[in-house]
Each structure stands twice: as C-alpha cells, then as structure tokens.
Amino acid sequence: MKRYIATIKLTVKEKLSGGLLALYASYAFRLFYLVPLLYLWRGLFQSGVVSEMTLPQMLSYTYISALLTEQLNVRTPMSGWLSGDGFINACKRPTHILADFTAQTVGGWLQTLLLFSLPLALAAPLLGVPILPKTIWFLPSLLLCVSLGFAIDFIFACFILRLKNATWLAYSIRMAVTYLFSGSLIPFALLPWGIGNWLRLSPFGSLAGAPLAIFTGIEAPLPLLAAQLFWNLAIWPLTILYFNKSRERMVSHGG
Amino acid sequence: MGAKDFFRRLFRLYWLYAKMDAAWIMRDTKYCLIGILADFIGNLSVLSGVFLMAERFGGVGGMNSDEVLFMLGYNAVTTGLFLIFVNGNNIGNISRIIGRGQMDHKLIQPLPLRLQLLTEGFMPISGSGQLWAGLAVCGVALWRLQYPVTVGWIMLFILSHILSKIILLSMMYFASSLAFWFPVAAEEISTDVLDVQWHLSSYPLGQMPMVLKIALNTVVPIGLTVWLPSLVLLGKQRLDFGLAILLIAAGVAAFCATTLFKKGLKHYEKIGSQRYKDWGHRR
C-alpha cells in the first residue's frame, strides 16, 4: 500500500509543479462555464416549462456535476497520449500497472477537491444552490460510478494501445461519452423521445447520471444502484482480460 | 515584403500545406479518416446535447428549437473553419508553442512570423469534415424555418464567420500571450479557452441576466462568436446594430491580442526560452 501512497504523493507534487496560476486558471475556466449554465437553467425553468425536475434539483445536478467532474467521469493518465511518458513510467515502477494508474488519478484529484470543489461547495448557499443529497445512497452510487469509470477508462486505454495512432479518436469518443451519454451535463430525464431511458440502461448511464439522479432525488436509488453493480461486475473482468491481452502491444512514441 | 509579394507567398504556402494535407490522406487513409471521424464525433456530442434539450422544451434561451439548430450549425461551421485554418501544428493552440519554447523554431525561419502563423495550421482536407457537417445542419435549420436565403444573406454569413473567427483567435492569442511570461503555468491555457468557448457557445444567451450577457459579449466575447451572429443572420437582431457590434468587437479584440502578443514576443526575444534545463529536461 505504501508504494501507492508514494505514487499519490508524487502526482500531487507533479500537479502543483505548474504553480498556482496553472491550477487556478483551469479552475477559473470551469467556474466561468458553470455560472452561465446555472443562469441558463434559471431562465429556462422560470419561463414556465413543464419538466420532470424542479429548478433546485436542476441547479444541484449541474453544481455537483461541476464539483465532482473528475470523479463522475474518470479519466486516468493511462488513456492519455501514447506520445507522453506516463505509460513507460508506470511500467518501470514496482507496482501493478492498473493500480498505479489508479493511484496517479486519485493523486491528481486531491488538489482539485481541496482548492476548487471544497470552496465551491461552501459558496453554494450564496448562489442559492442546495447541495445536500436527498439520500445517503448517493455515496455507494458515487463509489460504484468511480469504480466503473476506471474500468471504462482502462478499456479506452487498451483501445488506444491497439490502434496506436488513433488516440484522437479514442479521446473524442471519450469526450462524447462525457458530454452526452453519461448524463453529466444534461439529465436523462430532460432528453426527448425517450432517449434517456435507453442511455440509462447503457454502462455509460451508470457513470455520472446515476449518482447525480440519486443525489437530486429525481429517480429511485435502488434500481440505479442495481444497474451500477451489474455493470461493474460485467465490465471489470472484461477490462482485466482486455488489458492482459493488450499490454504487450504497447509502443511508446516519446517521453 | 510588399503586399503583392506577401499575398503571393501566402497563397503559395496555402497550396503547399494543402498538398501536404492531401498527401496525408493518400499515404495514411485509415488514420486520416479516423481523425476526421474523431473531430466529427467530438463536436457532434457537444452540439446534440443542447439541441435535444431545445427539442424537449420547444426552445431555450429565447430561441425555438429550429433557431437553436441553426445556431449549433453556425457553431459547427466556426469550429470547422478553426480546424481548417489553424488546427495544424498547434497554430490555434499557440500557448503550447510559446510555453514549450518552440517559438525559437519559428524565429529562425527565413519567413515572417505572421506568414507562418497564417499558413502553418492550414488543413483543408482533413479538417473540413466539421465544416460540411455544420453547413448541412445550417441548411436543415433554414429549411425547417422556411427562411429566405439570398445572395446578400450568404455574403453576410461569410462575413460574420470571418468576424467570429477573428474574435475567437484574438481571445486565444490574448490568453496565450501569458505563456511568454509564465511558460509552465500557461502552456495549456489556449486549450482551456477553446474548451470554454466550444461548450459555452452552444447555449443561447437570451435568458441570462443582463450583467452576464454583457460580460459574455465584452470581457470574454464568447457570445459574439456564435450567439449574436446567429441572431443577426436569423433576423432576430437588427442588422446594422449587430454588424456594427461584431466589426467593432473584432477590431478591438484583434488590437488587444496583437499588442499583448507583440509585447510578449519582445520579452521572449530578451529572455529566451526558460522551459528547458541545461541538460534538456523540461521544467
């Protein structure tokens, strides 16, 4: 365990090496995206539209999605560019590669949680956004979402290992998953033509959409938790199998 | 270099980069098509979310769903033009070049910097997928709106895109100039600007509070890259007023970006790249 804690510490230091400007510039851009979105929802819901969600639920949904972006849609350095040195470094360490990437990812989260998410959570009442979960089931749902997020990200990474130069394709699909299929931006309940019902059943629907729906109380927790558990049990063995078959194909293009 | 020489060289370089782009698709068709598909999927996912929401509520931000569709098409065309003209060699993401100390590569070329920046990112074939998709979406939206398209309107469409592109690039170059002073911290700042622009510009700003609306059209003029031009083109904003705002904004944005970039370049010429240690490792 010590070696993984060392990796986490290493990543925290690495993330801070760009200085506070680098961190806060990125946080400022996130904030700059969040605030107009909150007002967009206010304008829309106050215009009298009929919806399955109330305005406070919608604001909570968007706010928590921004606070926990990295946990709701896990992206590890493993699915980063093969042109970087991340993969080679992980292979050289006396650790299990998947566990090492998990530790690196968690290390990368810490300063964001401390310097961005926590202050923003404290500022929520000032913006009139309720940020207390409707039910405690949110926590296990978040854990299952994070676990599934790692599994899906590792599959994308294996896809990159196999296709070599197709990193950009994998990245774009990854982003498409984040922005549309996972429900992190627009709740499934607000999608037309019943699209949300289909997306909810997909493994991507068990990512951000499930914990956020439970947090805001727009859906019953138990069916969502059952789906999350199912997808975790179904996808993790596939991830490990796919990784074991793909790892020998790794070719690094730089460092 | 005289104006005639400048333009002759400009078009020669465009032709050269177009041939190189064509060579990529000939030599490595599979990965080139994969790259085009990737851009298409990435952009479509961002745009379709807003459209689906507009369809569900019969409109959003003071626009009905067809008008939102047109705005999203306009956004895709703006992105497409960005991909065609400045996506190659990180010319759009100039903070990467500055932050990594790669301005040296440009300064030693026997070619004016402005010509390099104007031409090096040109990818008319591999970068064009998004443009065609955006034009198709605009066409469908206009057909659904039964909007009369005239030659004058098409000229206005082209002009507004030129102005949108100037504003967008000015924002990116203004922010990227920080990398001259803070190469490590600001290396990826252009990516952040593009991300915010890309996502926020998909939303109509009509129902936002006035303060926010003004901020998004002045301080950080994201609204001027897609939302306002779309209103002008759809006849929901007075043409003379909208066009005047876009022209002034493009002029001011270009002036601010050029001034700061030149200032940064002077700093760079004195200090050089601070990014690499003596033994070649990146800081």
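**Exercise 1. Is the crossing of H8(B) and H10(B) right-handed or left-handed?**

Before we start: this is a predicted model, in which local features need pLDDT of at least 70 and side-chain atom pairs count only at pLDDT 80 or more, while totals for chains, interfaces and linings use all residues. Residues are numbered from 1 along each chain as its sequence is written, with chains lettered from A and ligands numbered from 1 in the order in which they are written.

*Solution.* 
- Step 1: find the helices. H8 covers residues 151-176 and H10 residues 189-200 of chain B; helices (H or I, at least four residues) and strands (E, at least two) are DSSP runs, numbered from the N terminus.
- Step 2: take the axes, which are lines fitted to C-alpha atoms, for helices over the stretch in contact, with angles from 0 to 180 degrees between N-to-C directions. The two axes come within 8 Å and cross at roughly 145 degrees.
- Step 3: assign the hand. A crossing is left-handed if the near helix is turned anticlockwise from the far one by less than a right angle, and right-handed if clockwise. The crossing of H8(B) and H10(B) is right-handed.
- Step 4: list the residues that meet, using contact (C-beta atoms, placed from the backbone, within 7 Å). Leu168(B), Met171(B), Met172(B), Ala175(B) and Ser176(B) of H8(B) meet Ile189(B), Ser190(B), Val193(B), Leu194(B) and Gln197(B) of H10(B).
- Step 5: sort them by class. Ala, Val, Leu, Ile, Met, Phe, Trp, Tyr, Cys and Pro count as nonpolar, Asp, Glu, Lys and Arg as charged, and the others, Gly among them, as polar. This contact has seven nonpolar, three polar and no charged residues.

**Exercise 2. Describe the side of chain A that touches chain B.**

*Solution.* 
- Step 1: count both sides. Chain A brings 32 residues to the contact and chain B brings 35.
- Step 2: name the elements of chain A that give two or more residues: helix H2 (19-46) and helix H8 (167-181). H2(A) gives the most, with 13 residues.
- Step 3: classify. This side of chain A divides into 25 nonpolar, seven polar and no charged residues.

**Exercise 3. Check the length of H11(A), then find what its buried residues pack against.**

*Solution.* 
- Step 1: the expected span is 1.5 Å times one less than the number of residues. The 26 residues of H11(A) (221-246) should therefore span 38 Å; the end C-alpha atoms are 36 Å apart, which agrees.
- Step 2: the buried residues of H11(A) are Pro221(A), Leu224(A), Gln228(A), Trp231(A) and Ile235(A).
- Step 3: these residues pack against helix H7 (138-163) and helix H10 (209-216) of chain A.

Technical notes:
Two residues are in contact if their C-beta atoms, placed from the backbone, lie within 7 Å. A residue is buried if 20 or more other C-beta atoms lie within 10 Å of its own, exposed if 12 or fewer, and partly exposed in between; C-beta atoms are placed from the backbone.
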